[in-house]
Amino acid sequence: MDKKPSKTRKMIWFIIIAAMIVLLVVAAVTTTADSVKETAWALLPPVIAIVLALITKEVYSSLFFGILAGGLLFSGFSFQGTLNHVFQDGIITVLADSYNVGILVFLVMLGILVALMNRAGGSAAFGEWAGKHIRTRVGAQLATILLGCLIFIDDYFNCLTVGSVMRPVTDKHHVSRAKLAYLIDATAAPVCIIAPISSWAAAVSGFVEGKNGISLFVQTIPYNFYALLTIAMMITLTVTKTDYGLMAIHEKNAIENNDLYTTPDRPYADSESQKISSRGTVFDLIIPVVALVICCVIGMIYTGGFFSGKNFIDAFAGSDASVGLVLGSFVGLVITLILYLVRRVLSFKECMDCIPEGFKAMISPILILTFAWSLKAMTDSLGAKEFVAAIVKNSAEGFMNWLPCIIFLIAVFLSFATGTSWGTFGILIPIVVNVFEGSDYRMMIIAMSACMAGAVCGDHCSPISDTTIMSSAGAQSNHLNHVMTQLPYAMTCAAISFVTYIIAGFTKSAWISLPCGIVILIAVILFLKQQEKKRGFVER
């Protein structure tokens, strides 16, 4: 009984991989370096990377094969041209980009900070304190959601901070690492995209030329259905104790067998054996985290010109998140080192030992991010943005009421394929503003929201998204476990959001469409709960 499905799956995988090889052969025979640009061929590299990742469960080689496919298409299948494009125009260029390097440095800083907090015993002390006040699995998950919603400044910062703080608490209550990764990921981008004071608000406002971007951003919040419904979905799933799909298997295994990972791969499983200081207290976690939050906010507004006379909102809108987060995380790290040395929680040598320790913990996400950025460079060079932009512009006429749901789907697909929501904003928002400006202001706001919601949805689902990658790192979960368990949840919310955008396209009212979406969401979750009961999984 068990072998037949396995053979069937292998046959399906073989057919899919063979089809991708055939597509590349067809491209080699029928296309040139010029003819593939700004066509559907531009989307083939990310599709190859995503499909291979889902089939092989191995993310590094999958991303590299996607990059290689992009290089082949761009160079017209020239050996020399492919090598130059993959390495010189791809990997080397993205690692030479100052913004990308800033994000990698920020990752390393956070890795060191997490290593310090763990070695100092701050995380363990917080886990003990939380264990006395958070006594149920529901409470542990709700606390994770709350903390994720409170850290709305930046999704990168959110992913790693929430993970390091809440991991001891969720582990104690047998919450699987896959579930923790979902809660982190679902409170990262979806929360940042509805927070007016965040790096995401600054990015979105920058794509709207000649208008008050922050003002437009605030008006889109009630129509950002995917973000709002994702938060509602997390709370409903937690309160009703509902899990389905692969997540139900991971949760059942965590509850019944105290196995937080389910699969053989156990990232950071040996981290629990590290030497931990007996002098650590809850404040040895709270003070570094609070210092980090404050310093990162100051760092971001500093880069936006706040101390040169700009007001807070304008400074945030014009901030450089990469530089601001690096400056803030460095100062937060220095404060943490001084705190531990003055209190003699750790010796100077122990503090220095945490530097390579924290760096090593971030090697996996750094490698995946580098490949993901390189894959995006391949799709950009092939003209994927222009291809999608042309589709949106050509389909605008005659579909005005349906355009929000259509834009939502296009944004989901583009963001999923490229692994970037910010790039999707940059492509679609100017087009949306151009289509609706001067004709239907309300529909422009709804369509902008649909673009932003779809971009976040695709980012949320994509295995090559940097936020998805860092959510796995923050939860210390196997990356593809996180992707595969989260996908059914994200797709459920995406389907309901799509229906809600259809309603919004005709009613043009958030007061009607959003409550409809919430009612549908709750009904679907209760239905799924009943289905899981029939299958024998009921969370205690």
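Which residues make the nonpolar surface patch of about 980 Å²? In this predicted model, the patch is formed by Phe283, Ile286, Ile287, Val290, Ile294, Ile298, Tyr302, Phe306, Phe307, Val323 and Leu327. Two elements, helix H15 (283–303) and helix H17 (321–342), each contribute two or more residues to this nonpolar patch. The greatest contribution comes from H15, which supplies seven residues; Tyr302 is a residue of helix H15.

The axes of helix H13 (residues 225–239) and helix H23 (residues 441–461) come within 7 Å, crossing at roughly 50 degrees. On the H13 side, the contact involves Phe225, Tyr226 and Thr230, which meet Ala453, Val456, Cys457 and His460 of H23.

How many salt bridges does a search of the whole structure find? The search finds seven salt bridges. One of the salt bridges pairs Arg119 with Glu357, whose closest N and O atoms are 2.7 Å apart. Arg119 belongs to helix H5 (residues 98–120) and Glu357 to helix H18 (residues 348–361), so this pair ties together parts that lie 238 residues apart in sequence.

Conventions. Residues are numbered from 1 along each chain as its sequence is written. This is a predicted model: local features need pLDDT of at least 70, side-chain atom pairs count only at pLDDT 80 or more; totals for chains, interfaces and linings use all residues. Side-chain values use heavy atoms; hydrogens and water are left out. Patches are made of residues with over 30% relative accessible area and no salt bridge: like charges are joined within 9 Å, nonpolar side chains (Val, Leu, Ile, Met, Phe, Trp, Tyr) within 5 Å. Accessible areas come from the Shrake-Rupley method with a 1.4 Å probe; for residues, only the protein chains shown count as cover. A salt bridge is a side-chain nitrogen of Lys or Arg within 4 Å of a carboxyl oxygen of Asp or Glu. Helices (H or I, at least four residues) and strands (E, at least two) are DSSP runs, numbered from the N terminus. Axes are lines fitted to C-alpha atoms, for helices over the stretch in contact, and angles run from 0 to 180 degrees between N-to-C directions. Contact means heavy atoms within 4.5 Å.
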